Amino acid sequence: MSIRPYKPKAGKVSDERAYELIRRPIVTEKSTRGSEFGQVTFEVPVNAAKPEIKQAVERLFDVKVTAINTLLVKGKTKRFRGRPGRRSDYKKAVVTLAEGQTIDLMAGV
């Protein structure tokens, strides 16, 4: 029995799924520094695959994506009203855009 690498199906992402995949932009000092290199950071669902994220960003923002890097952020254990609680895990997607492409995150402000 051979073990083959996992290849997600390269189907089209619907508009509904595209809006579900891109939850919000992450605007921090570190992610803002990535904009110098044509990178934008988004929060995405934990079950999102890289090809899905790429199609969603290209569809929603009308840009060309060259690379996607993802990382899983584990939720911190914090205290809520004196009782221990845990924040949710989430996934970050660092999207590298093609040369000359930009996404204006402050357009709606």
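Author: The count comes to 5 salt bridges. A salt bridge here is a side-chain nitrogen of Lys or Arg within 4 Å of a carboxyl oxygen of Asp or Glu. Side chains of opposite charge can pair when their charged atoms come close.

A word on the basis. This is a predicted model, where local features need pLDDT of at least 70 and side-chain atom pairs count only at pLDDT 80 or more, while totals for chains, interfaces and linings use all residues. Residues are numbered from 1 along each chain as its sequence is written, and side-chain values use heavy atoms, with hydrogens and water left out.

Take D15 and R59. Their side chains meet in a salt bridge, 3.5 Å from N to O. D15 lies in helix α1 (residues 15–21) and R59 in helix α3, so the pair ties together parts that are 44 residues apart in sequence. Helices (H or I, at least four residues) and strands (E, at least two) are DSSP runs, numbered from the N terminus. D15 counts as partly exposed, at 47% relative accessibility. R59 counts as partly exposed too, at 42%. The cut-offs are these: buried means under 20% relative accessible area, exposed over 50%, and partly exposed in between (1.4 Å probe, protein chains only).

Now R17 and E52. Their closest N and O atoms are 3.2 Å apart, in a salt bridge. R17 lies in helix α1 and E52 in helix α3, so this pair ties together parts that are 35 residues apart in sequence. E52 is partly exposed, with 24% relative accessibility.

Next come E43 and R24. Their side chains meet in a salt bridge at 2.7 Å, N to O. This pair links distant parts of the chain: E43 sits in strand β2, R24 in strand β1 (residues 24–25), 19 residues apart. E43 counts as buried, at 12% relative accessibility. R24, at 42%, counts as partly exposed. Salt bridges that share partners also join R17, E20 and E52 into one network.

One ring pair also involves strand β2 and helix α3. The structure holds 1 aromatic pair. The rings of F42 and F61 have their centres 5.6 Å apart and their planes at 20°, so the pair is stacked. F42 is in strand β2 (residues 39–44) and F61 in helix α3 (residues 50–61), 19 residues apart. Rings of Phe, Tyr and Trp (its six-membered ring) pair if their centres lie within 6.5 Å; planes under 30 degrees apart count as stacked, over 60 as edge-to-face and the rest as tilted. F42 counts as buried, at 1% relative accessibility. F61, at 32%, counts as partly exposed.
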